[in-house]
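Today I look up the pockets in this structure. I want their volumes and their linings.

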Amino acid sequence: MNNILVLPVVIPVLAGILLVFFRSHIQIQRWLSLAAILSVTGISIYILNMIQNAGIIRLDFGNWQPPFGILFVGDSFSLLLVLTTSLVAAICLIYAFYSIGEQRERMFFYPFVLLMVAGVNGSFLTGDLFNLYVCFEVMLLASYALITLGGTKAQLKESIKYVAINVLSSWFFLVAIAYLYGTVGTLNMAHLSERIAEAGQTPLLTVISILFLLVFGLKAGLLLYFWLPGSYSVPPTAVAALFGGLLTKVGIYAMFRMFTLLFYHEPSITHTIIGIMAGITLIGGSFGAIAYRDIRQIVSFNVVIAVGFILVGLAVATPAAIEGSIYYLVHDMLVKAALFLIAGSMAALTGTTMIDRMSGLIRHYPILGWSFFIIMLALAGIPPLSGFMGKILIGQGAIESGSYILLALSLISSIFVLYSLLRIFLNCFWGESTTSEEDSAPLSKGWIIPCALLTAASIALGFGAEYISPYIADAAATLTNPYIYIDAVLNK
Amino acid sequence: METLIIILTGVLVSVATYLFLSRNVIRIILGTAVLTHAAHLLIMTMGGLKTGGVPVLGEETTTFTDALPQALILTSIVISFAVTAFLLVLAYRLYQESRSDNLNVLRSMLNE
């Protein structure tokens, strides 16, 4: 029992509600939302360290003992993601201050961002399956509002698709919950895990697990990613960066929880299917990333590749691979947000999103150019940067378990990532500048600083691997040994 | 009784699928509403239909109906209500912008 665990959800919700009353005071909205997110960052660092000393902590709402009430459970995995979420959200907010435009700020942009962060954090922290559904919906409703905010034609069209897909996947989620409840009679995740272990994961439970796989596959963009590039490329840059950094990662998180805590008894069926889906996602994402000449599409397809790559780690499911996936997940949240911000800045500077129509940007905007270059290297997994640890650990896991096809696909996809981004770099940043020094639009500091901060975070994650690894190792240990989680929740 | 409700759920799902696959935005929205109600019926049936008294400790009853499915459905109804309201507003805005509620027309118009 520790009430501090509820703060990462409650602070954004309360701040969001409060901000509704300050609609016309944009300065108050800005600073209050940033303060709320930064305080969540501080609190999550505090809780993360507390977990290292005291083990997994939980909060039973209304003091209903598990498995009866709903509860929040904080382990290292959740808190690492909560911390990264709030970092990314804070940096995207800074970018939004300078780019989102007064009209959107007045239409409750900040409250929606805060509520979305609350939903994301709630999904990470909850220990109850139905509560996970509710937090998903909180996050999704805020994201529906954010994707349509501004109401341009393209946004409205893509949002109909986005909302319809998500309503459908939420329906599957409800159906899966209903079947699971009918089969084992509980929704508390630790209790579920225990009961499924007792029943030995019968074929019926395996089918239900595949239903969950379908749900989270739709949410995370694993194989079922057809909706993703469109809906991630229409909203304004700051929103797209939040989506690219956070939303798919919640689906990935849920998948990790499901298939390491609940449905880990039949890996030859479930994990093989995850492996196949991850492999096809890698192939499809790679083709998409090199097929388009629109930067925002290329960047969106890079999100798809990363989803496939992280889930290779889950499919392989050795301790090393799980650790690698967690490391890569944290890295990817930071780096994808940076990539979306840089791509959006480039589009705003040149007035086009086609890579053929821009050239020589690095001459006038060196910091932007070098940030992009470093982010590109990090994504490709060049050693000192943040992508390297994740890649090497997932690769090691794949070799240990003999999944050479997945290993080959993930390595080849890294080359495609590098190629697709290098193409942007060579076409847009390199070469003759099309504009002279005087003509080029000045780049606002508010655009550069968030990009530079995220780049610095990526570098820090790479060089500071030694400091972060205890947390990641602890998170991986909890995931690979479900009894740590069950004992902490059910107090055996 | 369970069989009857499950058949009803199946009918609702097929109606919703039919609506969902049409080209008209309003029909799709109605489809999502029907779809969620099918899910609610499913949850209720999976929790077991009325098998005992109300879930309040008393002296006469010894068996109780499971209260959890009802709590889940209540939450889910609220969420589905919010999403449907949002979708209706979205459809209205889409109609304002493009003067059409046919998805085929919208697709050809917006991809230019």
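I began with the largest pocket and read a volume of about 840 Å³. A pocket here is an open set of points on a 1 Å grid over the protein atoms alone, where a 1.4 Å probe fits, with protein on both sides within 12 Å along at least five of seven lines. Its volume is the space filled by probe spheres set on the points, which are joined across faces, edges and corners.

I noted 33 lining residues, with A:Phe68, A:Gly69, A:Ile70, B:Leu68 and B:Ala71 the closest to the centre. A lining residue has an atom within 4 Å of a point.

The model is predicted: local features need pLDDT of at least 70, side-chain atom pairs count only at pLDDT 80 or more, and totals for chains, interfaces and linings use all residues. Residues are numbered from 1 along each chain as its sequence is written, chains are lettered from A and ligands numbered from 1 in the order in which they are written, and side-chain values use heavy atoms, with hydrogens and water left out.

Which helix gives the most to this lining? I found H6(A), with 5 residues. Helices are DSSP runs (H or I, at least four residues), numbered from the N terminus. By class, I read 21 nonpolar, 9 polar and 3 charged residues. Nonpolar means Ala, Val, Leu, Ile, Met, Phe, Trp, Tyr, Cys and Pro; charged means Asp, Glu, Lys and Arg; the others, Gly among them, are polar.

Next I took the second largest pocket, with about 550 Å³ of space. Of its 20 lining residues, A:Ile160, A:Lys161, B:Ile28, B:Leu103 and B:Arg107 are closest to the centre. H7(A) gives the most, with 6 residues. I read 12 nonpolar, 3 polar and 5 charged residues in this lining.

Notes: Helix = DSSP H or I, 4+ residues; strand = E, 2+ residues; numbered from the N terminus.
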